[in-house]
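Subject: Structure for your review

Dear colleague,

Please find below the structure we discussed, together with its sequence. My findings follow directly after it.

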Amino acid sequence: MRERLYQTMIELTNGKWSSSIIRSFTQSKVSKRIIPSYIKYFNISTHDMIQKSDDFSTLHDFFIRKVTAASRPIDEKAASIISPVDATIETFGDITAEGLFYVKQKTYSLQDMLGSDKIASFYQKGKYIVLYLSPAEYHRIHSPIDGKVLNQYILGAKSYPVNKWGLQFGKQTISGNYRMLTELEMPNEKRCIHIKVGAMFVNSIELTNTSTTWSKGEEVGYFSFGSTVVMLFEEGSVQFSSNVQPGKFVRMGENVANML
């Protein structure tokens, strides 16, 4: 009953009109006034920001704020795969031989997630990790590895909430949302795919790197609202680090897995 009610309410409020209102307000000069309240409500630490909070002209500009390099050191070990974002580890694990994985007791298929049987076939029996960014987090996205871009494409239309309620009660939230996918060839010549999932009714993913190569730790884009990153890895290509646990918060640059 709760699940049906949640889905009905989300569908009623999720449309072009709501996206337009949210986007217009957060990018307006008026929104600057609520930045102090936003910082207080979400208990956001400002000591690592490059700009002072008073220097932002809109809430959107604050949301996509940059931080100092010293506050996000990159794990430079050759085999290291880093977290591409500041986020909470929602879940991680093995993808089945049938191409299925699980988030909040919901089943997702690689075919639905990736929109291609051919691409999905590379990740059967591989590994996955889901990273959730709350509205309080640093929302710049960075490369998890040194890699060659093999494919880059967009799927989905609407963006549903990806918080705990959205993941628990939503309809295929991760594989149904607007999402930007970047498939990379890793240094060990195996494949991984970096999936940036839009959220909060706004298709809000911006690429800042459109080149054919990514370098570990470099900025590649940003989210404009709370969002999710999913990473998929080819079978036999990586092993998750011992510090990776559900519910653990990781900063961009921290080691989350190692290439085999």
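Does Arg-140 count as buried or exposed, judged by its relative accessibility? With a relative accessibility of 9%, Arg-140 counts as buried, since the cut-off for that class is under 20%. Please bear in mind that the model is a predicted one.

Confidence

The pLDDT averages 85 over the protein, and 80% of the residues score at least 70. Two stretches call for separate mention. Over residues 1–15 the pLDDT stays under 50, and the model has 25 contacts beyond four places in sequence for them. Residues 165–170 also have a pLDDT below 50, with 23 contacts in the model beyond near neighbours in sequence.

Salt bridges

Eight salt bridges were found in a search of the whole structure. In one of them, Arg-140 pairs with Glu-219, with 3.0 Å between the closest N and O atoms. This pair links distant parts of the chain, as Arg-140 belongs to strand E6 (residues 140–142) and Glu-219 to strand E12 (residues 219–223), 79 residues apart.

Asp-86 and Arg-72 form another salt bridge, their closest N and O atoms being 2.7 Å apart. Asp-86 sits in the loop between strands E1 (80–82) and E2 (87–94), and Arg-72 in the loop between helix H4 (59–63) and E1; the pair therefore ties together parts that are 14 residues apart in sequence. Asp-86 is buried at a relative accessible area of 2%, and Arg-72 is buried at 6%.

A further salt bridge joins the side chains of Arg-191 and Glu-183, at 3.1 Å from N to O. Here Arg-191 is partly exposed, with 21% relative accessibility, whereas Glu-183 is buried, with a relative accessible area of 0%.

Strand E9 and its partners

Strand E9 (residues 191–197) is largely enclosed by the rest of the structure, because six of its seven residues are buried. E9 pairs with strand E8 (residues 179–185) in the antiparallel sense, over seven bridges. Within this pairing, Val-197 in E9 is the bridge partner of Arg-179. The hairpin of E8 and E9 has five residues between the strands, and Glu-189 takes a positive phi near 65° there.

E9 also runs antiparallel to strand E13 (residues 227–233), to which six bridges join it. Opposite Ile-195 stands Val-230 in E13.

With kind regards

How values were computed:
Residues are numbered from 1 along each chain as its sequence is written. Side-chain values use heavy atoms; hydrogens and water are left out. Buried means under 20% relative accessible area, exposed over 50%, partly exposed in between (1.4 Å probe, protein chains only). Helices (H or I, at least four residues) and strands (E, at least two) are DSSP runs, numbered from the N terminus. Two strands pair if DSSP finds at least two bridges between them. pLDDT is the predictor's confidence in each residue, from 0 to 100. Contact means heavy atoms within 4.5 Å. A salt bridge is a side-chain nitrogen of Lys or Arg within 4 Å of a carboxyl oxygen of Asp or Glu.
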